[in-house]
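Subject: Structure for you to look at

Hello,

Here is the structure I said I would pass on. Please open it alongside the sequence; my notes follow below.

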Amino acid sequence: MSETEVYLVGKNHYECIGTSRNSHRSFMYVWDYIAKKYHGLDSFPSWDDNMRKKVWNSHLTHSLEEYETIVLLSTMDYALISVKDYPKLREAYLKFWENNKDSAYLDIVELIDRAYLDIVELIDNRQSLNEDDIFICMNTSLGTCLFEPDFPDEEHADTIFADLSFGFNIFEELDIVKNYKAEQSASSK
């Protein structure tokens, strides 16, 4: 059975904090929901590359609720959620779950909640580490986290655990989307 793996990653940290069974109740569930609600489709168009991209970019072309945008963005490859933004992600996941009780989002919140206190303690106990240094990311493939660690050895002591340079912070992306839509609205008046 497929799983949704939840990771904590950063320059000096890499940890799988757990898994939620059946990834079709997480990312695929969201894509199916968006396809039905905003595109009038019967299901997520898995085999239609053009429509798949339209569903994945719905936050740019449709008026999604903010919590839907947050949840959708969190399903994208290389999406990062700063630990400091976890309360906002948690709120969006719970709101999505309230409207979609058969999704896995309550399971994922409970999984991250269990680790969250440890994360905060880790940050408090390491003066060189702050909440901007650790991110939450998820993966639904059968492989490893998209932010594969490059474990340091004695010869390369400065090697970082995870290269986050190709990732994007979903809350920064959310702000970009809001600004883009505001500009589009202003220019159409």
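Strands in these notes are DSSP runs of E with at least two residues, numbered from the N terminus. By that rule N169 belongs to a strand, β5, which covers residues 168-169. Please keep in mind throughout that this is a predicted model.

Overall layout

The protein has seven helices and five strands. Along the sequence they come in the pattern β-β-α-α-α-α-β-α-α-β-β-α. Of its 189 residues, 43% count as buried. The accessible surface comes to about 10,500 Å², and carbon and sulfur atoms make up 48% of that. If we take the contacts between residues at least 6 apart in sequence, 62% of them join residues at least 24 apart.

In soluble globular proteins, nonpolar side chains tend to be buried together. The largest nonpolar core here has 43 residues, and the members that touch the most others are L89, Y105 and M138. At least two residues of this core come from each of β1 (3-10), α1 (27-39), α4 (66-74), β3 (79-82), α5 (86-99), α6 (105-125), β4 (134-139) and α7 (170-187). The biggest share is that of α1, with eight residues.

L89 is one of the buried residues of α5; the others are Y86, A92, Y93, L94, F96 and W97. The length of α5 also checks out: its 14 residues should span 20 Å at 1.5 Å a residue, and its end C-alpha atoms are 20 Å apart, so the two agree.

Strand β1 is mostly covered, with seven of its eight residues buried. It runs antiparallel to β4, and six bridges join the two strands. One of the residues to look at here is G10, whose bridge partner in β4 is I134.

N169

The side chain of N169 reaches the backbone nitrogen of F171 at 2.8 Å. Beyond its neighbours within four places in sequence, N169 is in contact with L80, S82, D85 and F135.

A115 lies in helix α6. A115 has a relative accessible area of 10%, so this residue is buried. Its C-alpha atom is separated by 6.8 Å from that of I17, although A115 and I17 are 98 residues apart along the chain.

Y78 sits in the loop between α4 and β3. Phi of Y78 is near 70°, which is a positive value in a residue other than glycine. With a relative accessible area of 31%, Y78 is partly exposed.

Regards

Key. Residues numbered from 1 in each chain as written. Predicted model: local features only at pLDDT ≥ 70, side-chain atom pairs only at ≥ 80, totals over all residues. Heavy atoms only, no water. Core = buried A, V, L, I, M, F, W, Y, C linked by side-chain atoms within 4.5 Å. Buried < 20%, exposed > 50% of the residue type's maximum accessible area, 1.4 Å probe, protein only. Helix = DSSP H or I, 4+ residues; strand = E, 2+ residues; numbered from the N terminus. Polar contact = N/O pair within 3.5 Å; in protein donor to acceptor, adjacent residues only side chain to side chain. Contact = heavy atoms within 4.5 Å. Areas by Shrake-Rupley, 256 points an atom, 1.4 Å probe, with all protein chains shown as cover. Expected span 1.5 Å × (residues − 1). Pairing = 2+ DSSP bridges.
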